[in-house]
Amino acid sequence: MFAQVLARRALHTSRPLLSAQPGLEATLRNALKASMKAKDKPAAACLKSILADVTNATKSGANPNEPINDEGVMGVLKKGISQRTQASESYSPTSPSPHPENYSSLLNEINLLKSFLPEAPSNEILQQSIDKIITGLTDELKASRGVAGQILNKLWEELGDKKAGVDKKLAGKMVQEALKKLQI
């Protein structure tokens with residue numbers, strides 16, 4: 001009886017044991033193990049926090065028994081980076097109440113989390129790609145209302161796998177600025 005309850009509970013509260021974890025989540029878990037073995041407490045705490053957020057995102061998704069995909073894990077990583085960036089600004093040496101120790105530890109956490117994201121193209125490369133796409137458009141298309149979305153779609157196609165590391169808001173702003181330069 002007790003074994004049946006345990007088996008039923010395990011089926012409903014954890015992932016299937018034989019299924020493979022997605023690549024990025026497995027990489028994070030392996031990094032956590034390595035940091036714990038190296039007794040690197042700040043890195044272990046940061047990775048535990050991110051993995052808790054990944055688990056929360058998995059369980060609050062549409063199907064809580066399915067593992068989260070790499071895009072979802074990247075979203076959690078980017079959110080963690082942005083939260084730590086905002087917190088580090090309040091501890092920076094130029095803030096009204098500077099805390100150099102907290103500032104440096106947050107910067108270390110940000111660098112640790114960024115190491116798990118795919119390499120993103122530089123802003124110069126993005127701008128060159130956007131300019132190339134815009135010059136390839138017809139005048140009719142440049143004047144249409146949905147041109148920014150079409151440019152972004154072509155940019156994502158051109159970047160391929162590298163698009164995962166690109167900040168989509170930044171790319172959108174770059175496209176809008178490039179379109180404003182055309183109208184001037």
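These questions and answers look at helix packing and a pocket in one predicted model.

The model is predicted, so local features need pLDDT of at least 70, side-chain atom pairs count only at pLDDT 80 or more, and totals for chains, interfaces and linings use all residues. Residues are numbered from 1 along each chain as its sequence is written, and side-chain values use heavy atoms, without hydrogens and water.

Q: Why is α2 called roughly antiparallel to α3?
A: Helix α2 (residues 23-37) and helix α3 (residues 41-59) pack at about 150°, with axes 9 Å apart. Axes are lines fitted to C-alpha atoms, for helices over the stretch in contact, and angles run from 0 to 180 degrees between N-to-C directions. Angles under 35 degrees count as roughly parallel, over 145 as roughly antiparallel, 65 to 115 as roughly perpendicular and the rest as oblique. The angle of about 150° therefore makes α2 roughly antiparallel to α3.

Q: What makes Leu-28 in α2 part of the meeting with α3?
A: Contact means heavy atoms within 4.5 Å. Leu-28 is one of the α2 residues that meet α3, and Leu-47 and Leu-51 are among the α3 residues they meet. By class, this contact has 10 nonpolar, 2 polar and 3 charged residues. Ala, Val, Leu, Ile, Met, Phe, Trp, Tyr, Cys and Pro count as nonpolar, Asp, Glu, Lys and Arg as charged, and the others, Gly among them, as polar.

Q: Why is α4 called roughly antiparallel to α5?
A: The axes of α4 and helix α5 (residues 100-114) come within 9 Å and cross at roughly 160°. That angle therefore makes α4 roughly antiparallel to α5. Residues that meet here include Leu-77 and Tyr-91 in α4, and Tyr-103 and Leu-106 in α5.

Q: What is the hand of the crossing of α6 and α9?
A: α6 passes α9 in a right-handed crossing. A crossing is left-handed if the near helix is turned anticlockwise from the far one by less than a right angle, and right-handed if clockwise. α2 passes α3 in a left-handed crossing.

Q: What makes a space a pocket?
A: On a 1 Å grid over the protein atoms alone, a pocket is an open set of points with protein on both sides within 12 Å along at least five of seven lines. Lining residues have an atom within 4 Å of a point. The largest pocket is lined by 18 residues, with Lys-78, Leu-117, Gly-165, Val-166 and Asp-167 nearest its centre.

Q: Which element gives the most to this lining?
A: α4 does, with 4 residues. By class, the lining has 8 nonpolar, 4 polar and 6 charged residues.

Methods: Helices (H or I, at least four residues) and strands (E, at least two) are DSSP runs, numbered from the N terminus. On a 1 Å grid over the protein atoms alone, a cavity is a set of points where a 1.4 Å probe fits but cannot get out, and a pocket is an open set with protein on both sides within 12 Å along at least five of seven lines; lining residues have an atom within 4 Å of a point.
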